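Hi,

Here is the structure I said I'd pass on.

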Amino acid sequence: MCGIVAYVGQKEAYPIILKGLKRLEYRGYDSAGVALLDEKGLNVYKKQGKVAELEEHLIGKALPAHIGIGHTRWATHGEPSDRNAHPHMSKSGKLAMIHNGIIENYAQLKQDLIKKGYVFKSDTDTEVLLNFIEDIWINNNCELEEAVRIALKRVVGAYVIVLLDADQPDTLIAARKGSPLVIGIGKGEHFLASDASPIIEYTKEVVYVNDYELAILKPDELILKNLGNEKITPFVQKLDMELAAIEKGGFDHFMIKEIFEQSETIYDCLRGRLDAEKGTIKMSGVENNMERFIHAQRIIMVACGTSWHAGLVAEYIFEELCRIPVEVEYASEFRYRNPVIHKGDIIMAISQSGETADTLVAIEKAKEQGAIIFGILNVVGSSIARASHAGAYTHAGPEIGVASTKAFTAQLTVLTMVALRIAIEKKTITHDRYMHLLNELHEVPAKVEATLKLSESIKAVAAKYADAKDMLYLGRGYNFPVALEGALKLKEISYIHAEGYPAAEMKHGPIALVDETLPVVFVATKDSYHEKIVSNMQEIKARKGKVIAVITEGDEVITGLADDVIAIPEADELIAPIISVIPMQLLAYYIGVLKGYDVDKPRNLAKSVTVE
Ligand code: G6P
């Protein structure tokens, strides 16, 4: 949550920071601000609302600074407002700071500071941490970086902070624990950001800062230290990302661009790994740990949000193909209870961003108890990637729309390949079924392409139901998690209350909601439960509910029964979710757009949830 950008160098800092903040808005967008230091001094400008409002506010202002920090906020402590927006200024007015994370012991620190005469202008934990640093700085009469180090040793929580000192016009000080931070190395300039997207057009040389590290940046110098004041050699990496990947490319929104990218991203995910003709799947992360997988007593999928739904589909797939018991856990629950973890249990951490705080802490906890961590991740070099023993990347490219789409289908693709690779080695699948499923996977990009061609008819369905107050999503077997995902997408984007349910479980409660005003979306592609789900559909129709059904092409039975059908290409039931989820994404997208909402930045949400 919260995006941070900072610059020090020869160029004007404000345009670089502003552009960077726009790229990071997916991380939070309830207020934004910048602090700029020039010959006339340190100035802070901040505004409630999106980055565009800050931009508007600053139009026509001379902002000649060559050093500055910027922030786009997702509120934790204190409502979204101008005064709670970052950067915050210290009591003396000499320091400005931005922060991403949560300082858990801020209340105690605040009380101590109030006793010393500090007065706070905001409700944030950030202003407390900043003044805590300043207090140490003044009392110890030390260097600012020393004060930061002392303060951070006493702080509980997660943070990336960046400080600007009015008396050091060429220096930025940053530190990280638990939230992401990337340094970009340019010629006579340095950049700092929550991810590489604000940096990519200036340099491809980056350093990912680790937990408990402090960075001191000047135009020509980068010093990295640990909290013990020992220097660390920065590990410089080359960014493997193109600018085009993070721009809208002619689409109205990132979300629809990313939905339409899916035939390509799934292809990228399969490329170099799956050879359907030869019958091979190459995944070094799996191969290097094959013995562990073969003897695993249990796999625990740990994830949040949409990634958790991918874990649910994977539960069905792994149990079917590999005969390994699977549990699927919400990371936020898993980390706080006392789960039974045996040495050798495999934890699969599924995460698009690789930065979700609950997932990160959950795997660290499991690691301490001897579990092997296997990451299914999209962002290379992310915190969860670095905390994992092994894994497989999803190669979906940067996902910017807050509601996850292409990351989900890429996760399913990778998870299916992992399961197949283990199953053939473990001999829990017949050769014929293995070859059949490889072929099916190979055909997914083309079937996704065909499904995307239905977008206009899905738009028409969306128009019909856009005024619904509630919606129910039902599915069985492999399509049950798809129903959950469909309901989640609708809630996120259109603010319509929606619930996903196993179709048969519906009669134990949700059926009471059914009347002629309730649209019910069935994910009812041809599978082994087909007749059963047709019966569930009858039950809804008998109570005058409206049925929208996602079906397999040529399914006359449901076509005759449902009010609206979306017919998608036939696929094996195990593979079907990768395709059947696409109409769910499109339906939510079009309803959200019709209702006039900002689908890329739905209210109250953030893409990367780096607070617990
Ligand atoms: C947020 C996003 C969701 C995402 C979830 C988990 O809630 O809005 O789209 O599914 O976090 O994120 P992750 O990056 O761990 O997959």
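**What turned up: a cavity and a helix pair**

Strands E23 (470–475) and E24 (497–502) each give at least two residues to the lining of the second largest cavity. Keep in mind as you read that this is a predicted model.

Staying with that cavity, E23 provides the largest share of its lining, with 3 residues. If you want to find the spot on screen, pick out Asp470, Met471, Leu472, His497, Glu499, Leu513 and Leu518, which line the second largest cavity. Sorted by class, that lining has 4 nonpolar, 1 polar and 2 charged residues. The space inside the second largest cavity is about 40 Å³. As for how many there are, the count is 3 cavities of 30 Å³ or more.

The other thing to look at is a pair of helices. Two packed helices are described by the angle between their axes and the distance between the axes. For helix H16 (residues 455–465) and helix H20 (residues 576–594), the axes come within 8 Å and cross at roughly 55°. That angle makes H16 oblique to H20, and the crossing of the two is right-handed.

Which residues of H16 and H20 meet? On the H16 side they are Ser455, Ile458, Lys459, Val461, Ala462 and Ala463. Their partners in H20 are Pro583, Leu586, Leu587, Tyr590, Ile591 and Leu594. By class, this contact between H16 and H20 has 10 nonpolar residues, 1 polar and 1 charged.

Happy to go through any of this with you.

Cheers

Note on methods
Residues are numbered from 1 along each chain as its sequence is written. This is a predicted model: local features need pLDDT of at least 70, side-chain atom pairs count only at pLDDT 80 or more; totals for chains, interfaces and linings use all residues. Side-chain values use heavy atoms; hydrogens and water are left out. Axes are lines fitted to C-alpha atoms, for helices over the stretch in contact, and angles run from 0 to 180 degrees between N-to-C directions. Helices (H or I, at least four residues) and strands (E, at least two) are DSSP runs, numbered from the N terminus. Angles under 35 degrees count as roughly parallel, over 145 as roughly antiparallel, 65 to 115 as roughly perpendicular and the rest as oblique. A crossing is left-handed if the near helix is turned anticlockwise from the far one by less than a right angle, and right-handed if clockwise. Contact means heavy atoms within 4.5 Å. Ala, Val, Leu, Ile, Met, Phe, Trp, Tyr, Cys and Pro count as nonpolar, Asp, Glu, Lys and Arg as charged, and the others, Gly among them, as polar. On a 1 Å grid over the protein atoms alone, a cavity is a set of points where a 1.4 Å probe fits but cannot get out, and a pocket is an open set with protein on both sides within 12 Å along at least five of seven lines; lining residues have an atom within 4 Å of a point. Grid points are joined across faces, edges and corners, and a volume is the space filled by probe spheres set on the points.
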